[in-house]
Amino acid sequence: MASKEEMKAAIHAAFDGAVADGRGYTKVYGAEIKQKNFIVFRTTTVSNFAIGFRPGSTDLVIVPLAEKSGTITAGTPLTITDANRASVKKRDLQGRFVIKTTDGQSFKLSIIPSVPKLLAASYQLPVEQKAEYEAFTTLRDALTTA
């Protein structure tokens, strides 16, 4: 398994490759964990994302990520601006950052300063992102107070 620094570099490189001027963004890793309970079993689906933003702006770029054997592949980026942002919640009942768009897309993202390798067993990517997390909390707070 890749180290936290290697994983973070791979996430940033995938974002930079998918987004025009990707290097100009501050990037943070987030995961969306969906659970469905059935009578006999429960399923858990984890989706990984790179979230890019620029300090002083309220625009976000969310890039879906796929990981296989330490290789990160970026999906199609979604830019969320004031024009297509429907709502933002700082926390839901599970402590996630929730953002919805006007076209009905919704993201319930768990964004934490450090994802330990223990959580990697549940398919989250292990990263260390304390500085990026602090920058993100400033943006999150600006979005939720606006």
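Is Tyr25 buried or exposed? Tyr25 counts as buried, at 16% relative accessibility. Buried means under 20% relative accessible area, exposed over 50%, and partly exposed in between, with a 1.4 Å probe and protein chains only.

This is a predicted model: local features need pLDDT of at least 70, side-chain atom pairs count only at pLDDT 80 or more, and totals for chains, interfaces and linings use all residues. Residues are numbered from 1 along each chain as its sequence is written, and side-chain values use heavy atoms, without hydrogens and water.

Start with the rings. Rings of Phe, Tyr and Trp (its six-membered ring) pair if their centres lie within 6.5 Å; planes under 30 degrees apart are stacked, over 60 edge-to-face, the rest tilted. The count comes to 4 aromatic pairs. Phe15 and Tyr25 have ring centres 5.5 Å apart and planes at 70 degrees, so they pair edge-to-face. Phe15 lies in helix α1 and Tyr25 in the loop between α1 and β1, so the pair ties together parts 10 residues apart in sequence. Helices (H or I, at least four residues) and strands (E, at least two) are DSSP runs, numbered from the N terminus. Phe15 is buried, at 0% relative accessible area.

Phe49 and Phe107 also pair edge-to-face, 5.5 Å centre to centre with 85 degrees between the planes. Phe49 sits in strand β2 and Phe107 in strand β8 (residues 106-109), 58 residues apart. Ring pairs also link Phe53, Phe97 and Phe136 into a cluster.

Now helix α3. Its buried residues include Phe136, Leu139 and Leu143. Among the elements that cover the buried residues of α3 are α1 (4-18) and β2 (42-53), where contact means heavy atoms within 4.5 Å.
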